[in-house]
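Here is a short report on one protein model. Look at the structure first, then read on.

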Amino acid sequence: RNYQSNKPEAFKLLRQNLYTMGKPKITKEDIQMCDCKASAKSVSTCVAASHAEAVVQNGGGTCGDDCENRQTYFECLSSVCHADCQNQRLQKRQYPRLELFKTPDGRGWGLRALEDIPKGSLVQEYIGEVLTTEAFTNRAASYGPN
C-alpha cells in the first residue's frame, strides 16, 4: 500500500471508525456464534474456554465457506472463535494489495487493485467517519448541488 507517499492533502489514514454520535455498545447478545469446528491443533490456543470445550467434543474443521457467519456476512470474533478460523479477514486486515492514486483527468483521487481480485471477494472494510443522518445532510448541503 502506497498511501503515504501519494496521499491527497486532506487525507488521514485511519485504523478505526470515528463516530460523531458516540461508538455503539455491543453486548454479548449481539455476538453471533457459529458452530464450526477447529482442528485439534487450534483448540489449545482458543481464547474462549467454553467454545474450546465444544470444539473438542465436535472435532475437526475450520470456519470456511460453509460457516454460518460467513454466509450471513458476519465475521467471527477472535475472542470467541478458534485460532484457525478463516472468517476473520477484517480483524486481521487481510485485504488485496491496493493503491491510492490521483486520476489523470483531474477528477480527484481513486483506489485501484494491484492484483486480481476474484468475483465476490472482500476488497476493503469501510473505515471512516460515521455520521448521523442529520450531520450527513448538513455536510452534503455545504458541498453545494454537485
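## A charge over a ring

Arg112 sits over the face of Phe101, 4.0 Å from the ring centre. A charge counts as over a ring if NZ of Lys or CZ of Arg is within 6 Å of the ring centre and within 35 degrees of the ring normal.

This is a predicted model: local features need pLDDT of at least 70, side-chain atom pairs count only at pLDDT 80 or more, and totals for chains, interfaces and linings use all residues. Residues are numbered from 1 along each chain as its sequence is written, and side-chain values use heavy atoms, without hydrogens and water.

## Cysteines

The whole structure has zero disulfides (pairs of cysteine sulfur atoms within 2.5 Å). Cys36 is in none; the nearest cysteine sulfur, in Cys67, is 3.6 Å away. Cys36 is buried (under 20% relative accessible area, with exposed over 50% and partly exposed in between; 1.4 Å probe, protein chains only), at 11%.

For Cys76, the closest cysteine sulfur is that of Cys85. The distance is 3.8 Å, too far for a bond. Cys76 is buried as well, at 2% relative accessibility.

## Helix α4

Helix α4 covers residues 133–142. Helices here are DSSP runs (H or I, at least four residues), and strands are E runs of at least two, numbered from the N terminus. How many of the 10 residues of α4 are buried? The count is zero, and the helix is hardly covered. Gly144 follows α4, with a positive phi near 95°.
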